[in-house]
Amino acid sequence: MNSTGGPVSGTHTDEEENEPRWLDEREKEAWTGLISLVLLLPGKLESPLRQEHGLTLFEYLVLSHLSEAPRRTLRMGELAFLASGSLSRLSNVVKRCEGRGWIARSPDPADGRYTLAELTDAGFALVEAAAPTHLRAVRHTVLDALNATDQKALARVAQKLRIVPDDFG
């Protein structure tokens with residue numbers, strides 16, 4: 001036993017390992033802050049995009065990542081990763097965007113097992129129109145409230161917590 005009455009490190013029983021490790025105040029504050037961001041921030045960023053351009057945040061992220069890619073083209077798996085979504089969610093969004101003339105899909109000529117998504121001229125024009133709206137929301141909702149040190153810390157924490165979609169190859 002250690003000085004707190006608990007088992008010495010490395011000598012846990014099965015029952016002790018299954019007991020929950022309750023959050024202390026600092027952990028609870030961190031968790032509550034993070035989950036609030038995760039649940040509330042997307043809506044705050046999506047609202048202006050929906051109102052002004054009829055786009056969801058995920059649609060905007062997909063189109064935006066394509067606009068920055070060489071030849072405005074990416075493999076679907078890479079695009080899903082960049083937009084932080086699953087392949088199935090991306091497929092549904094790309095299908096809708098195809099129907100609107102914003103994206104075209106084609107087999108990858110280098111390897112036919114992969115599908116490429118390419119941003120059309122109409123899709124690029126939409127991204128150009130929507131980008132200032134998104135930028136204003138990002139600055140107003142997130143970046144303007146943070147100083148340079150906070151921004152670096154946020155980037156560091158985000159990197160540490162980076163979550164890759166389950167179906168990302």
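These entries record what I looked up on helix packing and aromatic rings in a predicted model.

**Entry 1: α3 and α6.** I started with helix α3, residues 57–68, and helix α6, residues 121–141. Their axes are 10 Å apart, and the packing angle is about 115°. I then checked the handedness and found that α3 passes α6 in a left-handed crossing. On the α3 side I listed L57, Y60, L63, S64 and S67. Their partners in α6 are F124, L126, V127, A130, A131 and H134. Sorted by class, this contact of α3 with α6 holds eight nonpolar and three polar residues, with no charged ones.

**Entry 2: α3 and α5.** Next I took α3 against helix α5, residues 87–99. I noted an angle of about 80° and axes 10 Å apart. Angles of 65 to 115 degrees count as roughly perpendicular, and α3 and α5 are therefore roughly perpendicular to each other. From α3, the residues in contact are F58, E59, V62 and L63. From α5, they are R89, L90, V93, V94, R96 and C97. By class I have seven nonpolar and three charged residues in the contact of α3 with α5, and no polar ones.

**Entry 3: rings.** I looked for aromatic pairs with ring centres within 6.5 Å, and the count was zero. I then looked for charges over rings. R89 lies over the face of F58, at 4.0 Å from the ring centre.

Key
Residues numbered from 1 in each chain as written. Predicted model: local features only at pLDDT ≥ 70, side-chain atom pairs only at ≥ 80, totals over all residues. Heavy atoms only, no water. Axes fitted to C-alpha atoms, helices over the stretch in contact; angles between N-to-C directions. Helix = DSSP H or I, 4+ residues; strand = E, 2+ residues; numbered from the N terminus. Left-handed = near helix turned anticlockwise from the far one by under 90°. Contact = heavy atoms within 4.5 Å. Nonpolar A, V, L, I, M, F, W, Y, C, P; charged D, E, K, R; others polar. Parallel < 35°, antiparallel > 145°, perpendicular 65-115°, else oblique. Phe/Tyr/Trp six-rings, centres within 6.5 Å; stacked < 30°, edge-to-face > 60°. Lys NZ or Arg CZ within 6 Å of the ring centre and 35° of its normal.
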